[in-house]
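Please open the structure in your viewer and keep the selection tool at hand. The stops below follow one another, each with something to select and a note on what is there.

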Amino acid sequence: MRDRYLAGHLSLLAFALTGAAWAAAICGCASAGSSRAPADEPLEVIDAHVHTNFDNKFYNVGKVMHSKEELVAEMKRNHVVGAVSMNHAGDAYADLSDLNIINCAGLAATVDVAGLEDGLASRRYRCIKIYLGYVHQYAFDRNYEPAYELAEKYHVPVVFHTGDTDSRQAMLKYADPLTVDEVAVSHPKVTFVLAHAGNPWIESAAEVAYKNPNVFLDGSAFVIGDLKQTPPEQIETYLVKPVRWIFDYVGDPTKLMFGTDWPLTDIGPYLEAFRRAIPREHWKAVFHDNAARVYGLDKPTRGQGAPR
Ligand SMILES: [Zn+2]
């Protein structure tokens with residue numbers, strides 16, 4: 001995976017939140033609003049950020065097997081009813097419609113316009129992924145214009161990697177979520193997603209999503225690795241609190257989507273922590289409905305490909 005948040009960077013991160021912001025964030029965690037206990041009816045989940053270029057090897061970072069069988073098992077265990085796969089440029093295409101998983105076409109610096117249009121028209125690709133930072137181009141670079149035009153034509157969202165990278169060849173200035181604002185304004189009919197909510201630049205990402213009706217966030221990879229072995233205070237500091245702050249700041253429960261970045265971390269423990277960040281009455285939106293709507297997964301897709 002190239003678009004992930006390094007566990008080794010954890011100690012380097014600091015969130016410049018005021019005491020008042022933390023107080024507001026903490027108040028937002030109350031579980032008031034719904035009388036239904038989780039055990040009554042399992043929460044159906046869509047994981048808005050996974051990687052499915054399976055190599056059938058044990059993935060040392062997330063401590064999981066990167067195999068289709070493992071993903072199926074993990075989805076079943078956690079009531080994950082669909083997912084969005086983030087492909088890189090050149091990744092082989094895998095039809096995972098039997099799992100209700102859709103694929104994003106990963107772009108290189110220069111867009112293969114004909115190939116991208118073919119993939120979108122055939123619905124092999126239901127979204128577009130741009131790797132800001134890894135590719136040394138801003139979101140507003142003219143090279144990406146054809147992709148935005150095709151996104152509008154085929155009604156698919158464009159996902160940007162934003163925030164920390166795991167490559168020393170990457171350049172962070174391109175992955176600053178603030179740089180997406182210009183594109184969001186220039187293309188008001190295109191839906192954009194800031195992957196990783198710009199972490200650790202969550203304030204910029206939250207503001208861009210708050211200000212632009214066409215910008216959404218996925219909260220994947222705030223902490224990666226084996227969360228069962230991660231000190232709970234680290235999960236609280238680097239996952240639960242920042243996600244809670246983002247949700248509260250944006251002030252619109254339709255804007256944030258749950259995602260993991262599997263196999264960089266296992267779905268179950270990440271889901272458990274993420275739930276603690278979101279008020280109970282908004283679980284259905286954040287863990288399912290927002291991704292279903294943004295990615296068009298709200299139509300039946302299992303085994304047949306959904307018209308929209
Ligand atoms: Zn990823």
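Begin by selecting strand 4 (residues 80–86), which is mostly covered, since six of its seven residues are buried; buried means under 20% relative accessible area, exposed over 50% and partly exposed in between, with a 1.4 Å probe and protein chains only. Helices (H or I, at least four residues) and strands (E, at least two) are DSSP runs, numbered from the N terminus. The model is a predicted one, in which local features need pLDDT of at least 70 and side-chain atom pairs count only at pLDDT 80 or more, while totals for chains, interfaces and linings use all residues. Residues are numbered from 1 along each chain as its sequence is written, and side-chain values use heavy atoms, with hydrogens and water left out.

Now select His288, which lies in helix 9 (residues 283–294). Is His288 buried or exposed? With a relative accessible area of 18%, His288 is buried. Leaving aside residues up to four places away in sequence, His288 touches Glu44, Val45, Ile46, Val81 and Trp283, contact meaning heavy atoms within 4.5 Å.

Select Phe54 and Trp262, whose ring centres are 6.4 Å apart with planes at 70°, so the pair is edge-to-face. Phe54 lies in the loop between strand 1 and strand 2 (58–59) and Trp262 in the loop between strand 10 (256–257) and helix 8 (267–277), so the pair ties together parts that are 208 residues apart in sequence. Phe54 counts as partly exposed at 22% relative accessibility, whereas Trp262 is buried at 0%.

Finish by selecting Phe258, Tyr270, Phe274, Trp283 and Phe287, which form one aromatic cluster.

Terms used: Phe/Tyr/Trp six-rings, centres within 6.5 Å; stacked < 30°, edge-to-face > 60°.
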